Amino acid sequence: MITTFAAADGTTLAYRTVGVGDPLVCLPGGPMRDSAYLGDLGGLGAHRSLLVLDPRGTGRSAAPADASTYRCDRMVDDVEALRGHLGLDRLDLLGHSAGANLAVRYLTGHRDRVGRLALVTPSVRAVGLKVTAAQRREVTEARAGEQWFPGAVRAMEAVLSGRAGPDAKQGIAPFLYGRWDAAAQAHQAAEAGQHNEGLAAIFSSDGAFDPPATRRALAAHAGPVLLLAGAVDLAAPPGLVARFAELIPRATLVVQPDAGHYPWLDDAEAFTATVAAFLADSDGA
């Protein structure tokens, strides 16, 4: 079911509802990618009612009159408008990849409005961390036995050395999936029609993030936080996600075996079991 609501600046935003139960607001990554790529998050809708937001200017959400509102800190207002539309005192949030930046940026300004927070293979820009070449090589070396490995590792080394050509993104794609099978290839092929690179640049532009403020907010956050990493994820290597978890007093770090950047595709059962158990845990909620 598709529902629309008005953002603070009047832009019409859309979200789709999947499943039953208490609401879980899901923020897609990209950044600035149509939320269709999240699907039903491996069947997580059997445990919660997923409210999957299309960021402004993507999917079924309208483009704003002011392009500067694509910046991450400005999009916090969209999450708050959704909370008001839903009539909820607090939101349980799931942020995937760059969507984790928006989730923790929302928490920075609205800490009392966040209940449970699940960060799935999260980007770390909002907290000022940086992935290292060593962390990337650690996960890529685990794939050395794959048929596609020689070409993919050459592409990755080109990226790390600053010599990447226009085909590098496609070349490293297998490292983002636990299995580079037909389903993964179809999922990756759909990205071109779902992701707006121009809007992504605005999302992460100067002023989008305030790492010291976000770190303080996370350190003071009393609610539980799940950080779920994929064991072979090139984009958010487990070592990097572990450093993120160290910033949060009530963080739970889970590394899903044999999973890449989209763990619900690699093992839906393992993914939904982890996230559903976290969401259902009443301890300190």
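# Close-up views of the predicted model

Figure 1. A disulfide, for the record, is a covalent bond between the sulfur atoms of two cysteines; here the call is made for a pair of cysteine sulfur atoms within 2.5 Å. Cys 72 is likewise in no disulfide, with the sulfur of Cys 26 as its nearest cysteine sulfur, 17 Å away. The disulfide count for the structure is 0. Cys 26 is buried at a relative accessible area of 0%, and Cys 72 is buried with 0% too (buried means under 20% relative accessible area, exposed over 50%, partly exposed in between, using a 1.4 Å probe and protein chains only). A note that goes for every panel: this is a predicted model, so local features need pLDDT of at least 70 and side-chain atom pairs count only at pLDDT 80 or more, while totals for chains, interfaces and linings use all residues. Residues are numbered from 1 along each chain as its sequence is written, and side-chain values use heavy atoms, with hydrogens and water left out.

**Figure 2. The whole chain, before zooming in.** The chain has 11 helices and 8 strands (DSSP runs numbered from the N terminus: H or I and at least four residues for helices, E and at least two for strands). Its C-alpha trace spans about 50 × 45 × 35 Å along the principal axes. The radius of gyration is 18 Å, which agrees with the value near 19 Å that a compact globule of 285 residues would have; this radius is taken over C-alpha atoms, and the globule rule is 2.2 Å times the number of residues to the power 0.38. Buried residues make up 52% of the 285 in the chain. Of the contacts (heavy atoms within 4.5 Å) with a separation of 6 or more, 74% are between residues 24 or more positions apart.

**Figure 3. The largest pocket.** Its volume is about 980 Å³. Of the 39 lining residues, Gly 30, Ser 97, Arg 136, Ala 235 and His 261 are the closest to the centre of the pocket. Helices α2 (98–109), α4 (149–160), α5 (168–172) and α7 (197–203) are the elements that give two or more residues to this lining. By class, the lining splits into 21 nonpolar, 11 polar and 7 charged residues (Ala, Val, Leu, Ile, Met, Phe, Trp, Tyr, Cys and Pro count as nonpolar, Asp, Glu, Lys and Arg as charged, and the others, Gly among them, as polar). On the method side, a 1 Å grid is laid over the protein atoms alone: a pocket is an open set of points with protein on both sides within 12 Å along at least five of seven lines, a cavity is a set where a 1.4 Å probe fits but cannot get out, and lining residues have an atom within 4 Å of a point. Grid points are joined across faces, edges and corners, and a volume is the space filled by probe spheres set on the points.

**Figure 4. The cavity.** The biggest share of the lining comes from α2, with 3 residues. There are 10 nonpolar and 2 polar residues in this lining, and no charged ones.

Figure 5. The peptide bond from Gly 30 to Pro 31 is cis, with omega near -10°. Pro 31 sits in the loop between β3 (23–27) and β4 (49–54). Ser 97, a residue other than glycine, has a positive phi, near 50°. Ser 97 is in the loop between β5 (91–96) and α2 and counts as buried at 13% relative accessibility. Thr 121 also has a positive phi, near 35°; Thr 121 lies in the loop between β6 and α3 (133–141) and is buried at 0%.

Figure 6. Tyr 106 is in helix α2 and is buried, at 0% relative accessibility. Beyond its neighbours within four places in sequence, Tyr 106 has contacts including Val 76, Arg 83, Leu 91 and Val 114. Gly 115 lies in strand β6 (residues 114–120) and is buried at 7%. The C-alpha atoms of Gly 115 and Arg 90 are 5.8 Å apart, though 25 residues separate them along the chain. Not counting residues up to four places away in sequence, Gly 115 touches Arg 90, Leu 91, Asp 92, His 221, Gly 223 and Pro 224.
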